[in-house]
Amino acid sequence: MLIRQKLEILDSTLREGEQTPGVSFTVKQKITLAKQLDIFGVDFIELGHPAVSPDVYEGVEALNDLSLNAKKMAHGRASKSDINDVVAIGVEWMGIFFGTSPLSLKHKFNVTKSEALKRIQFAVEYGKDKGLKLRFTAEDASRTELDYLIQVGQLVQNSGVDRFSLADTVGCLTPTKTKILVSRLVAELDIPVHVHCHNDFGMATANALSALEAGAQCVDVAVNGLGERCGLPPLAEIVVALTNLYKINGKWDLGMIPELTKMVDSFTKLDSNVNQPIVGKNAFTHKAGLHVKAVVIEPKSYEAISPESLKRKRHFVIDKFTGKSALKNRLNHLGISVSPKELDCLLIEIKFHPDKLNWDDNELISLTKSQEIKL
Ligand code: HCA
Ligand code: CU
């Protein structure tokens, strides 16, 4: 696999993440989160698009004042005024985006292909003249004609852009299509290629990883997969997959993932998914008797990721699916020793209560006591 050792992660929680329906971060929350993301070890932090609102502008200013290891990037359109905002605030990097698909050219801008190229070139040259480091994003790149996309990439590269990003704005790529598209752009350009995937078909993480396999240098993520509609690849999924499946030793502090997730959950107040990979409540919870029995002996039997590596704990559910070994294990933890016959009786009782979804410790202690009376 071709993944570059020099790969980078751009966190867009503070920019695209705030575009999640129902979400608005305070400037204070943004500062807290940016500091944590920096300690975690992301390479770029997108600070926001200053033209959106006064508070986003203020947020970009406040975030830019922080001393961070991560590179700071403001977001904006290919317009003089958006570029002037970023220059006025003094952010080192700017991500300029412009829709290059036929849909964007016709319905967003009402321009021809060559008029769009002129606008793009003007904006990029203007930004470079002002001393900005620039990433140019072809918005809706995945629905842009390939020849035109390459033309745009080469134009911005020749105009001095530092990075070229492909946005799968409506999430319609597949891992195979991503690989073909990214390989081609990487081959045609000398500057690093970034990829921004959306999760409309649930393939954002797979597509982002595929982009890295094809030679992309940087992928965009957001904590908890926030973003427009179905969001971006979740930060946790990308870095844990890179670490565990691709054996890449990033400088990421994986043990911070649960707290990052909790922090963002507390800011957004959105419902979290119990079966979300890595961060979901159930990600390290085992239920079927056969599973628990095996995991007690060797956790790897049913775990691809160790919860300890993420400072998370493993849990076992006691319900009608429970087997002897799982029940015995739980009772041992509670300091209760039972005979094989008592264990059988307790298990029968549990299996005859399908309505009980998760026997907690106190309920098990009471059950044991009531069985002792019966025996
Ligand atoms: C947007 C669209 C965008 C831009 C990506 C980028 C997309 O929210 O303005 O500028 O890198 O998905 O195309 O997020
Ligand atoms: Cu986006």
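Biologist: Hi! What should I know about the model before we start?
Modeller: It is predicted, so local features need pLDDT of at least 70 and side-chain atom pairs count only at pLDDT 80 or more, while totals for chains, interfaces and linings use all residues. Residues are numbered from 1 along each chain as its sequence is written, chains are lettered from A and ligands numbered from 1 in the order in which they are written, and side-chain values use heavy atoms, with hydrogens and water left out.

Biologist: Thanks! Which residues surround ligand 1?
Modeller: The shell is made of Arg15, Glu16, Gln19, His75, Phe97, Arg135, Thr137, Glu139, Ala167, Thr169, His196 and His198. A residue is near a molecule if one of its heavy atoms lies within 4 Å of it.

Biologist: And what classes are in that shell?
Modeller: Six residues are polar, four are charged and two are nonpolar. Ala, Val, Leu, Ile, Met, Phe, Trp, Tyr, Cys and Pro count as nonpolar, Asp, Glu, Lys and Arg as charged, and the others, Gly among them, as polar.

Biologist: Which element gives the most to it?
Modeller: Strand β5, residues 133-139, with three residues. Strands here are DSSP runs (E, at least two residues), helices are H or I runs of at least four, and both are numbered from the N terminus.

Biologist: How far is the side chain of His75 from a ligand 1 oxygen?
Modeller: An N or O atom of the His75 side chain is 2.6 Å from an oxygen atom of the ligand. For His198, a polar side-chain atom lies 3.0 Å from a ligand oxygen, and for Arg135 the value is 3.3 Å. A polar contact with the ligand is a pair of N or O atoms within 3.5 Å.
Modeller: Taken alone, ligand 1 exposes 360 Å², and the protein buries 92% of that (Shrake-Rupley method, 1.4 Å probe).

Biologist: Then what is the volume of the largest pocket?
Modeller: About 720 Å³, where a volume is the space filled by probe spheres set on the points, joined across faces, edges and corners. Its lining has 36 residues, with Asn224, Asp265, Ser272, Asn273 and Gln276 nearest the centre. Helix α10 gives the most, six residues.

Biologist: Switching topic, how many cavities of 30 Å³ or more are there?
Modeller: Two. The largest has a volume of about 80 Å³, and its lining includes Val223, Asn224, Leu260 and Gln276. By class, that lining has eight nonpolar, three polar and one charged.

Biologist: What lines the second largest cavity?
Modeller: Ala141, Ser142, Leu166, Ala167, Asp168, Leu173, Thr178, Leu181, Val182 and Val195. The elements giving two or more residues to this lining are β6 (163-168) and α7 (175-188). The space inside is about 30 Å³.

Definitions and conventions
A polar contact is a pair of N or O atoms within 3.5 Å; within protein, one must be able to donate a hydrogen and the other to accept it, and residues adjacent in sequence count only if both atoms are side-chain atoms. On a 1 Å grid over the protein atoms alone, a cavity is a set of points where a 1.4 Å probe fits but cannot get out, and a pocket is an open set with protein on both sides within 12 Å along at least five of seven lines; lining residues have an atom within 4 Å of a point.
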